There are 2 protein chains.
Amino acid sequence: MTDAPYPHSQPAFVLVRPQMGQNIGAAARAMLNFGLDRMRLVNPRDGWPNPDAVAMASGAGRVLDAAMVHDTTADAVADCHYVYATTARSRGLTKPIFSPEGAMKDAARRIAAGERVAVLFGPERAGLENDDISIANAIISVPVNPDFPSLNLGQCVLLTGYEWRRQITEVPAMVTELAGSDWPEAHEVEKLAEHYEQRLEDAGFFFPDVKAAHMKRNLRNMWSRMPLTRADVQILHGMMRQMVRWKNRSD
Amino acid sequence: MTDAPYPHSQPAFVLVRPQMGQNIGAAARAMLNFGLDRMRLVNPRDGWPNPDAVAMASGAGRVLDAAMVHDTTADAVADCHYVYATTARSRGLTKPIFSPEGAMKDAARRIAAGERVAVLFGPERAGLENDDISIANAIISVPVNPDFPSLNLGQCVLLTGYEWRRQITEVPAMVTELAGSDWPEAHEVEKLAEHYEQRLEDAGFFFPDVKAAHMKRNLRNMWSRMPLTRADVQILHGMMRQMVRWKNRSD
């Protein structure tokens, strides 16, 4: 039931002995930002349900409504095939250590193969205990500045959720949004270059003669280097036409 | 001066018209987690310095101490060669749109080539205005759940800082931490397999005879599949030796 609407398509995020209700609510918001809605709670300090959590969760209240509550970490992950524990410090346990990216890539592969996976997050102050970590199959370690490692629970949930979404969605590194225009074909840019070259010739811009060829080549190169839209090309034509009109009026 | 200790090696994070002092402090902490300490502020609502910001920044107070304050967004980025604006919504401006990863990869390349770059973050409620965005060369858009996009200022700073650090540090997707042990050589695992096979043979485990070869092969395969450390191998030897001792005592 808690797995709806994506029964086996995402990891469960397990908050182990969370203290402040508002941090549970913030974690629910952080999760839902990245499409995650399977929260499990191990022995929350202030009981459950928690009004502070509800107030902070705001639009993500349904994540809390569906959260399962367990007495122990082992109970919370009993149905899972693979469990990751988030921890800042090295724990002296022989265990695979994943980057957040590596872990969520691994989780996506396991989930696609039909496994159920969970990620453990420790209490605000102390983090996970070694008994919790020894239940996990692997560790997730966020690569923070060693001189200032201060990620809190909500931030750790946020970064892990972000990496999960990155692994399952195709996000291009860069696209250009075209607002009400499209890209010109080469002959349109060529026509613009000719228009400018001709008018600037009339205006005596290509001076002295010995430099004219070089100046013209640089100008051509500038037009082709700029990511002009069709609308930009029209604006540039219009600017030059207006300069000519203005010149003719002042004759 | 504000660029110390990494003069040209990182982007400036520009908070545009931030409202709550505590959010400025949280942004400073989020930055320093990922080694970023060049903050610039555009017209902070409650003036500057701000005691709420200092209280929230905690160990990251030096980021605030070094922050530069400007009247306008244009002033804040006047010395930069390339500027990214973070925004949740499409703005109807023709502009490159980067993923956080793509943007910080691009920024790292530019900075390595000697450029100065900045990232704009909008005020808490409304986000950046189109006048701010038109100053930027490109947009950064975080790929959130379209049904629940609720990233706040601190979260946006955190994710961008995280991606910055990912681009400039080599983080392996997975390593195994070895606590007080190392990996055995093949002959050690072979010896373990022989030890178990011999004792289990004595104990009548490989029964019936017709299945013995198959059972032995499966057992060998199990040992080689498990990521055993040298310490694990010794523990397993010890377990079996103890079982034999126990058997002999009870004779």
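Biologist: In this predicted model, which residue forms a salt bridge with B:Glu163?

Modeller: The idea is to look for a side-chain nitrogen of Lys or Arg within 4 Å of a carboxyl oxygen of Asp or Glu. Here B:Glu163 forms a salt bridge with A:Arg166, and their closest N and O atoms are 3.7 Å apart. Across the interface of chain A and chain B, the rule finds four salt bridges.

Biologist: Which elements of chain A supply at least two residues each to the side that touches chain B?

Modeller: They are α1 (21–33), β5 (95–98), α5 (100–112), α7 (153–168) and β8 (174–177) of chain A, and α7(A) provides the largest share of that side, with seven residues. Sorted by class, the side of chain A that touches chain B has 26 nonpolar, 13 polar and eight charged residues.

Biologist: How many residues does each chain bring to the contact, and what area do the two chains bury between them?

Modeller: Chain A and chain B bring 47 residues each, and they bury about 4,000 Å² between them, with 57% of it on carbon and sulfur atoms.

Biologist: In which direction does β8(A) run relative to the strand of chain B that it joins?

Modeller: Four bridges join β8(A) to strand β5 (residues 95–98) of chain B, and the two run antiparallel; within this pairing, A:Met174 stands opposite B:Phe98 in β5(B).

Biologist: Is B:Thr160 buried or exposed?

Modeller: B:Thr160, which lies in helix α7 (residues 153–168) of chain B, is buried, because its relative accessible area is 1%, and under 20% counts as buried. Leaving aside neighbours within four places in sequence, the residues in contact with B:Thr160 include B:Phe13, B:Met104 and B:Phe121.

Terms used: Residues are numbered from 1 along each chain as its sequence is written. Chains are lettered from A and ligands numbered from 1 in the order in which they are written. This is a predicted model: local features need pLDDT of at least 70, side-chain atom pairs count only at pLDDT 80 or more; totals for chains, interfaces and linings use all residues. Side-chain values use heavy atoms; hydrogens and water are left out. Buried means under 20% relative accessible area, exposed over 50%, partly exposed in between (1.4 Å probe, protein chains only). Contact means heavy atoms within 4.5 Å. Buried area is the accessible area (1.4 Å probe) that two parts lose on being put together, summed over both. Ala, Val, Leu, Ile, Met, Phe, Trp, Tyr, Cys and Pro count as nonpolar, Asp, Glu, Lys and Arg as charged, and the others, Gly among them, as polar. Two strands pair if DSSP finds at least two bridges between them.
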